[in-house]
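Here are my notes on this model, for reading with the structure open beside you.

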Amino acid sequence: MSLGQALRYLRKEQGLTLAELAARTHSHVGNLSRIERGVARPSLDLLYRLANAMGFSITDIFSVAEQ
């Protein structure tokens with residue numbers, strides 16, 4: 001599973017829409033969509049904000065991505 005797919009999976013597990021996650025992370029829906037589709041990669045700062053907004057650690061995200 002790619003990093004973007006892992007982020008999408010975890011976001012949906014939390015019951016969050018892209019718009020809700022974008023608001024929580026002070027990002028843009030389009031940017032998060034591109035990351036989830038694998039078209040773009042998140043900065044380390046954004047990855048920390050995404051993890052925090054969903055209640056996960058970065059390690060959790062990478063663990064899901066490795067599956």
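1. Which residues are buried in α4? They are Leu 46, Leu 47, Leu 50, Ala 51, Ala 53 and Met 54. Buried here means under 20% relative accessible area, exposed means over 50%, and partly exposed is in between, with a 1.4 Å probe and protein chains only. Helices are DSSP runs (H or I, at least four residues), and strands are too (E, at least two), numbered from the N terminus.

2. Before going on, a word on the model. It is a predicted one, where local features need pLDDT of at least 70 and side-chain atom pairs count only at pLDDT 80 or more, while totals for chains, interfaces and linings use all residues. Residues are numbered from 1 along each chain as its sequence is written, and side-chain values use heavy atoms, with hydrogens and water left out.

3. Back to α4. Its buried residues, Leu 46, Leu 47, Leu 50, Ala 51, Ala 53 and Met 54, cover an arc of only 165° around the axis, which puts them on the same side of α4. The arc is taken from the directions that run from the helix axis to the C-beta atoms. Turn to the other side of α4 and you find Leu 44, Tyr 48 and Asn 52 exposed. The buried residues of α4 pack against α1, α2, α3 and α5; contact means heavy atoms within 4.5 Å. After α4 comes Gly 55, with a positive phi near 80°.

4. Now the core. A nonpolar core is a set of buried Ala, Val, Leu, Ile, Met, Phe, Trp, Tyr and Cys residues joined through side-chain atoms within 4.5 Å. The largest one here has 19 residues, and those with the most contacts inside it are Leu 7, Leu 21, Leu 32, Leu 50, Met 54 and Ile 61. Two or more residues each come from α1 (3-13), α2 (18-25), α3 (29-36), α4 (44-54) and α5 (58-66). The biggest giver is α4, with 6 residues.

5. How do α4 and α5 pack, and at what angle? The angle is about 95°, with the axes 9 Å apart. Axes are lines fitted to C-alpha atoms, for helices over the stretch in contact, and angles run from 0 to 180 degrees between N-to-C directions. The two helices are therefore roughly perpendicular to each other; by the cut-offs, 65 to 115 degrees is roughly perpendicular, under 35 roughly parallel, over 145 roughly antiparallel, and the rest oblique. On the α4 side the contact is made by Leu 44, Leu 47, Tyr 48 and Ala 51, and on the α5 side by Ile 58, Ile 61 and Phe 62.

6. On to α2, where Leu 18, Leu 21, Ala 22 and Thr 25 are buried. Looking down the axis of α2, these buried residues fall within an arc of 100°, so they line one face of the helix. Their cover includes α1, α3 and α4.

7. Thr 25 deserves a look. This residue of α2 counts as buried because its relative accessibility is 0%. Its side chain reaches the backbone oxygen of Leu 21 at 2.9 Å. Leaving out residues up to four places away in sequence, Thr 25 touches Leu 32, Leu 46, Arg 49, Leu 50 and Ala 53.

8. Is His 26 buried or exposed? At 70% relative accessibility, His 26 counts as exposed. You'll find it in the loop between α2 and α3. His 26 has a positive phi of about 55° although it is not a glycine. Its C-alpha atom is separated by 9.1 Å from that of Leu 46, 20 residues apart along the chain.

9. In α3, the buried residues are Leu 32, Ser 33, Ile 35 and Glu 36. They fall within an arc of 160° seen down the axis, so they line one face of α3. They pack against α1, α2 and α4. Just after α3, Gly 38 has a positive phi of about 80°.

10. Last, Leu 16, in the loop between α1 and α2. Leu 16 counts as buried because its relative accessibility is 9%. Leaving out residues up to four places away in sequence, Leu 16 touches Arg 11, Leu 21, Arg 24 and Met 54.

Terms used. A polar contact is a pair of N or O atoms within 3.5 Å; within protein, one must be able to donate a hydrogen and the other to accept it, and residues adjacent in sequence count only if both atoms are side-chain atoms.
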